[in-house]
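Please keep the sequence and the structure in view while reading.

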Amino acid sequence: MVRIHRTPTPPASLEREKAKNRGSYREQDVLAQLRADFHDKCYLCEMDELQSVEVEHLQPHQGDKDLKFAWKNLFLSCAHCNSVKNQRKYDNTILDCCLVEPEALLRQALENGTVVVRPLTQDETVQKTAELIEECFEKTNTGIRTLECETRKKALKQTMGLLNQTLGKYRKDPKGEALQVLRGMLDRKYKFSAFTRTYVRSHLDDYPGLAREVTL
């Protein structure tokens with residue numbers, strides 16, 4: 001999870017659809033703005049180029065129209081992560097990445113093939129967010145979820161492998177092509193950037209020239 005800068009003006013359809021008996025919060029302008037603001041990534045697992053896009057409510061609306069159509073309550077998610085989040089323990093306990101800096105509160109890492117998310121404070125919201133992100137990669141209580149988690153971890157492993165290869169090239173030539181590749185991979189727009197940025201931030205003694213790229 002990385003910081004997202006949400007467009008402040010709500011898409012026009014939300015007010016119009018809210019007035020209807022069966023209005024939709026998933027009109028084209030909402031989807032288009034969410035995809036732009038969230039860099040076309042699921043805000044939880046950070047998979048990009050989503051095949052199954054969902055508009056997720058950070059705070060469950062439970063029929064409350066104000067919450068159902070509130071622009072600040074709508075997040076871009078994949079179907080897998082939305083399903084994992086749909087547990088009572090996560091109701092009203094997840095960080096709003098549009099209001100806070102998640103990287104200052106969570107340490108996301110791939111350790112020996114397992115996704116580990118460490119909360120950096122004792123705050124319940126931080127703790128539950130760490131638990132949820134881990135489950136988005138590691139929850140294997142059904143066959144479908146096992147497959148979805150394997151898909152995400154495979155993509156994450158490929159990304160971290162590319163990161164390490166590029167860091168090796170960067171150490172040999174800090175001003176070469178590798179620097180431009182790294183700048184792209186450390187941009188918050190990049191898939192799994194919470195992981196790539198955390199890794200480099202944890203190894204700045206080896207890569208001091210990249211400090212600017214991972215500054216919070």
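Leu106 has Pro119, in strand S4, as its bridge partner. This pair belongs to a set of six bridges that join strand S3 (residues 106–111) to strand S4 (residues 114–119), and the two strands run antiparallel. Strands (E, at least two residues) and helices (H or I, at least four residues) are DSSP runs numbered from the N terminus, and two strands count as paired if DSSP finds at least two bridges between them. S3 and S4 form a hairpin with two residues between them, and Asn112 in the turn has a positive phi of about 55°.

The model is predicted, so that local features need pLDDT of at least 70 and side-chain atom pairs count only at pLDDT 80 or more, whereas totals for chains, interfaces and linings use all residues. Residues are numbered from 1 along each chain as its sequence is written, and side-chain values use heavy atoms, with hydrogens and water left out.

The charged side chains may be considered next. A salt bridge is defined here as a side-chain nitrogen of Lys or Arg within 4 Å of a carboxyl oxygen of Asp or Glu, and by this rule the count is 19. One of them joins Arg118 to Glu111, at 2.6 Å from N to O. Accessibility is described by relative accessible area: buried means under 20%, exposed over 50%, and partly exposed in between (1.4 Å probe, protein chains only). Arg118 is partly exposed at 36%, and Glu111 is partly exposed at 28%.

Asp40 and Arg35 also meet in a salt bridge, at 2.7 Å from N to O. Asp40 is partly exposed, with a value of 21%, and Arg35 is likewise partly exposed, with 34%.

A further salt bridge, at 2.9 Å from N to O, connects Arg152 with Glu148. These two residues lie four residues apart in helix H6 (residues 143–172), and therefore about one helical turn separates them. Arg152 is buried, at 5%, whereas Glu148 is partly exposed, at 29%. Elsewhere, Lys89, Lys128, Glu131, Glu135 and Lys139 are linked in a network of salt bridges.

How many disulfides are there? With a disulfide taken as a pair of cysteine sulfur atoms within 2.5 Å, the count is zero. The cysteine sulfur closest to that of Cys45 belongs to Cys81, and because it is 3.7 Å away, it is too far for a bond. Cys78 is in no disulfide either, since its nearest cysteine sulfur, that of Cys81, is 3.5 Å away. Both Cys45, at 0%, and Cys78, at 2%, are buried.
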